[in-house]
Amino acid sequence: MSDKAAVIQTIRDIGIIPVVRAQSAAEAMKAIDAIREGGISILEITMTVPGAVGVIEEVSQQYGSDVLVGAGTVLNGETARACIRAGARFVVSPALNLETIEVCRDLGVAVMPGALTPTEVVQAWSAGADFVKVFPAGAVGGASYLKSLKAPLPQIELVPTGGVSLKTAADFIKAGASALGVGGDLVDVKAIREGQQHLITERAREFVRIVKEART
């Protein structure tokens, strides 16, 4: 199995992609440790984190293959390239940028562009997306919207992001989500600043349990 195929399978298996939007590398590392403790070894570091590319590099050097680190909020091919060089093993975007998909395909890295309408979802998939991030999912009807998209497009792997919480996670999985992008509801930066990392660990465990149950 190629690295890319293994990455895709890990994302499917775990089913949760924590989105880290910390204010510093130190904060991001604390979040990562708390998430891992809770049983999730995937994380997406967004380009909104100060020095994000450096954080990706630090994480991939420190944890190696123990953590599946990806880059988020990637808006163009050039940024995708820099993140992949730094060690990102998957690339996520909030929107559909064909150049980003192309760069990731050329370099053999899993890519998850963002899309919302059926037209965009199909366009992203046709361009070679491995997953399509449905964003912002919560703002347009949540799980019922995802279910409506999935009905005519069962072959497309959808990852709802935006509005995914402990309350909505099960519904999204039952609606056909391949995985869930989870931001503030899991990666609570305030908890990190207050030295309450255990809250993130507990939430991570809870998300893992909910996804497992919803799939059975």
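This is a predicted model: local features need pLDDT of at least 70, side-chain atom pairs count only at pLDDT 80 or more; totals for chains, interfaces and linings use all residues.
Residues are numbered from 1 along each chain as its sequence is written. Local features need pLDDT of at least 70 and side-chain atom pairs count only at pLDDT 80 or more, whereas totals for chains, interfaces and linings use all residues; side-chain values use heavy atoms, without hydrogens and water.

Helices are DSSP runs of H or I with at least four residues, strands are runs of E with at least two, and both are numbered from the N terminus. Helix α2 (residues 25-37) has 13 residues and reaches 18 Å from first to last C-alpha, close to the expected 18 Å, which is 1.5 Å times one less than the number of residues. Buried residues (under 20% relative accessible area, 1.4 Å probe, protein chains only) in α2 include Glu 27, Met 29 and Ile 32. The buried residues of α2 pack, by contact (heavy atoms within 4.5 Å), against the elements tabulated here.

| Element | Residues |
|---|---|
| β1 | 16-20 |
| β2 | 42-46 |
| α3 | 52-63 |
| α9 | 189-193 |

Helix α10 is also a packing partner of α2. Thr 201 is found in α10 (residues 197-215) and is buried, with a relative accessible area of 7%. Leaving aside neighbours within four places in sequence, Thr 201 contacts Ala 34, Glu 37 and Gly 38. Gly 39, which follows α2, has a positive phi near 100 degrees.

Elsewhere, Ile 11 touches residues including Ile 16, Ile 42 and Phe 90, not counting residues up to four places away in sequence.

Definitions and conventions:
Buried means under 20% relative accessible area, exposed over 50%, partly exposed in between (1.4 Å probe, protein chains only).
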